[in-house]
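Reader: I would like to learn how to read a protein model. Can we begin with one residue and build up from there?

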Amino acid sequence: TRSVQEALRNSDYCLISTKWSAYRKLTEKDFLQNMRSPFVFDCRGIFAGTKFNKIHYQRIGLRRKAVA
């Protein structure tokens with residue numbers, strides 16, 4: 001794939017297990033525009049503190065300090 005958005009295209013779930021900046025830059029709009037049914041599971045806490053209103057978001061894993 002050429003971009004994170006391309007990797008999301010037509011997917012139902014997104015499991016984030018990296019702290020790469022390309023993933024941290026994703027917005028709710030990116031998930032809504034590219035995914036069929038946006039369910040996002042954040043294993044690294046890269047979106048900790050972010051309020052998502054239109055997608056299903058769940059932070060999972062150990063409750064460590066969020067990635068800055």
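Reader: Does Tyr-13 count as buried or exposed?

Author: Look at relative accessible area: under 20% is buried, over 50% is exposed, and partly exposed lies in between (1.4 Å probe, protein chains only). Tyr-13 has 55% relative accessibility, so it counts as exposed. Keep in mind that this is a predicted model: local features need pLDDT of at least 70, side-chain atom pairs count only at pLDDT 80 or more, and totals for chains, interfaces and linings use all residues. Residues are numbered from 1 along each chain as its sequence is written, and side-chain values use heavy atoms, with hydrogens and water left out.

Reader: How many aromatic pairs are there in the whole structure?

Author: Rings of Phe, Tyr and Trp (its six-membered ring) pair if their centres lie within 6.5 Å; planes under 30 degrees apart are stacked, over 60 edge-to-face, and the rest tilted. The search of the whole structure gives 8 aromatic pairs. Take Tyr-13 and Phe-39: the ring centres are 5.4 Å apart and the planes stand at 35°, so this pair is tilted. Strands and helices here are DSSP runs, numbered from the N terminus (strands: E, at least two residues; helices: H or I, at least four). Phe-39 is partly exposed, at 26% relative accessible area.

Reader: How are the rings of Tyr-13 and Phe-41 arranged?

Author: Their centres are 6.1 Å apart and their planes meet at 25°, so this pair is stacked. It again links distant parts of the chain, Tyr-13 in strand 1 and Phe-41 in strand 2, 28 residues apart. Phe-41 is partly exposed, with a relative accessible area of 26%. Elsewhere, ring pairs join Phe-31, Phe-47, Phe-52 and Tyr-57 into a cluster.

Reader: What is the order of the strands in the sheet?

Author: Two strands pair if DSSP finds at least two bridges between them. Here 3 strands form an open sheet in the order 1-2-3, with parallel pairing. Strand 1 and strand 3 (56–59) are at the edges with a single partner strand each, so one side of each has no neighbour in the sheet. From one strand to the next the twist averages 10° (axes are lines fitted to C-alpha atoms, for helices over the stretch in contact, with angles from 0 to 180 degrees between N-to-C directions).

Reader: Which residues are bridge partners or stand opposite each other?

Author: Strand 1 and strand 2 pair over 4 bridges in the parallel sense. Tyr-13 has Phe-39 in strand 2 as its bridge partner, and Ile-16 stands opposite Asp-42 in strand 2. On to the next pairing: 4 bridges join strand 2 to strand 3, and these run parallel. The bridge partner of Asp-42 in strand 3 is Arg-59.

Reader: Which residues of strand 2 are on its covered face?

Author: Val-40 and Asp-42 are on the covered face, while Phe-39 and Phe-41 are on the uncovered one. Val-40 also belongs to the largest nonpolar core, a set of 12 residues that includes Leu-8, Cys-14, Ile-16, Phe-31 and Met-35. Such a core consists of buried Ala, Val, Leu, Ile, Met, Phe, Trp, Tyr and Cys residues joined through side-chain atoms within 4.5 Å. Helix 1 (4–8) and strand 1 are the elements that give two or more residues to this core.

Reader: Which residues does Cys-14 touch?

Author: Contact means heavy atoms within 4.5 Å. Leaving out residues up to four places away in sequence, Cys-14 touches Leu-8, Phe-31, Met-35, Phe-39, Val-40 and Phe-41.

Reader: Where does Asn-34 lie?

Author: Asn-34 is in helix 3 (residues 28–34). It is buried, with a relative accessible area of 13%. Its side chain reaches the backbone oxygen of Asp-30 at 2.8 Å. Beyond four places in sequence, Asn-34 touches Gln-5, Leu-8, Arg-9, Asn-10 and Ser-11.

Reader: What is phi of Asn-10 near?

Author: Most residues other than glycine have a negative phi. Asn-10 has phi near 65°, a positive value in a residue other than glycine. Asn-10 sits in the loop between helix 1 and strand 1.

Technical notes. Polar contact = N/O pair within 3.5 Å; in protein donor to acceptor, adjacent residues only side chain to side chain.
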